[in-house]
Amino acid sequence: MRPGALALAVCALVALGAGPPAPAPPLPARMADTGGGTQLITAVAPERASTTGTVTWWNREDGRWVRRGSVPARFGAKGLAAGASRKQGTNTTPTGLYGLPYAFGIKAAPPGTASTYRRVHQHSWWCQDNGSRSYNRWTEPRAADCRAAESEHLITYRAQYAHALVIGFNYERPVRGRGAGIFLHVNGRGATAGCVSVSEDAMRRILRWADPARRPHIAVGTRSGSTAVTRL
């Protein structure tokens with residue numbers, strides 16, 4: 001086709017409304033469920049074996065989802081696993097859509113934090129003992145039926161738990177053996193044991209952003225496949 005004819009063809013297409021393709025809708029708009037609130041965190045890895053990805057936080061404003069921040073993230077050392085079938089001790093991050101019951105930290109809450117925030121003390125533990133009545137719960141002091149070897153002494157994770165948000169995985173009605181102590185927290189030295197982690201600066205920004213009145217949730221998933229975040 002001659003250059004002039006090509007230009008005429010392009011003009012004709014534009015005139016008919018066949019311009020450049022519209023940009024893809026924001027990620028939350030492509031998801032099956034966002035939790036019903038007007039704030040959402042998405043934690044997305046390229047694939048199930050990935051140990052890194054991206055955490056993004058969104059607000060719903062005037063009927064559309066607007067990105068408010070995005071940072072690199074780390075996932076479990078063994079990648080991600082479907083939350084409904086995950087096994088404890090597998091070092092996998094559970095995929096799914098979860099609430100964010102409360103925040104905690106060894107350091108004081110960043111100014112502007114609206115979420116309930118618990119300070120970590122010397123006797124603060126997260127029970128991961130399947131035989132304990134306190135399974136997948138904060139216990140202070142450590143419950144008598146919760147073995148220390150099967151739990152996390154929170155204050156010993158000074159970098160990771162400087163600031164954190166509890167992810168509501170296996171939280172409301174805990175299933176023994178599925179997993180306990182899944183948080184969004186500050187980066188450690190590498191991949192996590194199943195949590196999602198970001199830089200301390202990002203964690204502080206997220207805590208200042210999160211508003212319980214807007215019912216924030218976190219969606220953890222992959223870009224595609226059976227654990228794709230858009231299928232949650």
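Asp-129 forms a salt bridge with Arg-147, and their closest N and O atoms are 2.9 Å apart. The two residues sit in distant parts of the chain: Asp-129 lies in the loop between β8 (125–127) and β9 (137–139), while Arg-147 lies in the loop between β9 and β10 (151–153), 18 residues apart. Asp-129 counts as buried because its relative accessibility is 3%, and buried means under 20%.

The structure is a predicted model. A search of the whole structure finds five salt bridges, and three of these are described here, including the pair above.

Side chains of opposite charge can pair when their charged atoms come close. The distances for the described pairs are as follows.

| Salt bridge | Closest N and O atoms |
|---|---|
| Asp-129 with Arg-147 | 2.9 Å |
| Arg-133 with Asp-145 | 3.6 Å |
| Glu-200 with Lys-107 | 2.8 Å |

Arg-133 forms a salt bridge with Asp-145. This pair also links distant parts of the chain, with Arg-133 in the loop between β8 and β9 and Asp-145 in the loop between β9 and β10, 12 residues apart. Arg-133 has 78% relative accessibility and therefore counts as exposed. Asp-145, at 29%, counts as partly exposed.

Glu-200 forms a salt bridge with Lys-107. Here Glu-200 belongs to helix α2 (residues 200–209), and Lys-107 to the loop between β6 (103–105) and β7 (117–119); the pair links distant parts of the chain, 93 residues apart. Glu-200 counts as partly exposed, with a relative accessibility of 27%. Lys-107 is likewise partly exposed, at 40%.

Notes
Residues numbered from 1 in each chain as written. Predicted model: local features only at pLDDT ≥ 70, side-chain atom pairs only at ≥ 80, totals over all residues. Heavy atoms only, no water. Salt bridge = Lys/Arg side-chain N within 4 Å of Asp/Glu carboxyl O. Helix = DSSP H or I, 4+ residues; strand = E, 2+ residues; numbered from the N terminus. Buried < 20%, exposed > 50% of the residue type's maximum accessible area, 1.4 Å probe, protein only.
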